[in-house]
Amino acid sequence: MNTPASADATPYVHGYSAHESRRLADQADTLAALLHSGTVYPVGSKVLEVGCGVGAQTVHLVSASPGARFTAVDVSPDSLAQACSRVTSHAPEAQISWVQADLFELPFPDAEFDHVFVCFVLEHLSAPRQALTALRRVLRPGGTLTVIEGDHASAFFHPASAYAHAAIDCQIQLQSAAGGNARIGRALHPLLTSAGYEDVIVRPRTVYADRSRPALVNGFTRNTFIAMIESIREPALSAGLMTPPDWDRGLADLHRTATDDGTFHYTFFKGVAVNPA
Ligand SMILES: C[S@@+](CC[C@H](N)C(=O)[O-])C[C@H]1O[C@@H](n2cnc3c(N)ncnc32)[C@H](O)[C@@H]1O
């Protein structure tokens, strides 16, 4: 697993593998309508996306706001290169610059941007409030910050399984050991408020998948959520968080939630807040 050279020094728990790139793209494409609805930036406005990764959200951002001028930042040069190629092929007309930087040391003047967008980044940082405060410097007074995060403890499903919950808990524990917080979604409102933002509005955005929504079962339950848990088998077992038989039962039970008899629920949280004048 690569580690971003962040001033915050929090390892990025999911790493930068081809498997993870595919998972991020599946997640973004499956959830685009759910997560991006309401996010449209005016023509000519300057928008900063922080932690763009492989550009999985960027393609949806630029498509929803074709007249806005985007700057996308990530600490990983490899991810940025993939993001550039993804956006160039999906939206060649997009107005976008790519900048490799750490969000704690952004190389932009004060108040440079009208809007900032951050998705699935805070959960990996050991200092999320300080990150939100640092972003205020580059956001103009009156400009908006949009932030989207998940909350892994919001996962519940049918058939219920203590083994499946224990496997999910391994992800929560590993992320916590790496300095992050896989349950950060529920904390967005207090985080934004304590970082000095005003007019903070946070709302849940729920994914519910059953056999009547096969695209969500495949794109979210299987290819996003279960794929994420499957990817931490080795570190979870090495850390002694579960025994191999219990892990295998947990994963088998998770897969049952994606069969015709199963259902799966997960809640994301989306916040919009204003940088005070
Ligand atoms: C889970 S990925 C999310 C990527 C993208 N936002 C998405 O939703 O698909 C988190 C990204 O944040 C980046 N990141 C982590 N710490 C960072 C930092 N201090 N500065 C800039 N980017 C950072 C990682 O390199 C990674 O690409």
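Among contacts in this chain between residues at least 6 apart in sequence, what percentage join residues at least 24 apart? It's 80%, where a contact means two residues whose C-beta atoms, placed from the backbone, lie within 7 Å.

Okay, some ground rules. This is a predicted model, so you'll see local features described where pLDDT is at least 70, side-chain atom pairs counted only at pLDDT 80 or more, and totals for chains, interfaces and linings taken over all residues. Residue numbers start from 1 along each chain, as its sequence is written.

Let's start with the whole chain. We have nine helices and eight strands; these are DSSP runs, H or I of at least four residues for helices and E of at least two for strands, numbered from the N terminus. The C-alpha trace spans about 55 × 35 × 35 Å along its principal axes. A compact globule of 277 residues would have a radius of gyration near 19 Å, and the chain's 18 Å agrees with that. That radius is taken over C-alpha atoms, and the globule rule is 2.2 Å times the number of residues to the power 0.38. Buried residues make up 44% of the 277. Buried means 20 or more other C-beta atoms within 10 Å of a residue's own, exposed means 12 or fewer, and partly exposed is in between, with C-beta atoms placed from the backbone.

Now, helix α4, residues 128-138. Its buried residues are Pro128, Ala131, Leu132, Leu135, Arg136 and Val138. Looking down the axis of α4, they fall within an arc of 160°, so they line one face of the helix; the arc is that of the directions from the helix axis to the C-beta atoms.

Next up, helix α9, residues 244-256, and helix α5, residues 162-177. Their axes come within 7 Å and cross at roughly 105°. That makes α5 roughly perpendicular to α9. Axes here are lines fitted to C-alpha atoms, for helices over the stretch in contact, with angles from 0 to 180 degrees between N-to-C directions. Under 35 degrees counts as roughly parallel, over 145 as roughly antiparallel, 65 to 115 as roughly perpendicular, and the rest as oblique. On the α5 side, the contact uses Tyr163, Ala164, Ala166 and Ala167, and the α9 residues include Trp247 and Leu251.

Helix α7, residues 214-230, also meets α9: the axes come within 11 Å and cross at roughly 175°. So α7 is roughly antiparallel to α9. Ile226, Ile229 and Glu230 of α7 touch Leu251, Leu254 and His255 of α9.

Most residues other than glycine have a negative phi, and most peptide bonds are trans. Yet a cis peptide bond joins His158 and Pro159, with omega about 0°; Pro159 sits in the loop between β6 (156-158) and α5. Ala111 has a positive phi near 55°, in the loop between β3 (95-100) and β4. Phe120, between β4 and α4, has a positive phi near 60°. Buried or partly exposed, that Phe120? Phe120 is buried, with 21 other C-beta atoms within 10 Å, while Ala111, with 15, is partly exposed.
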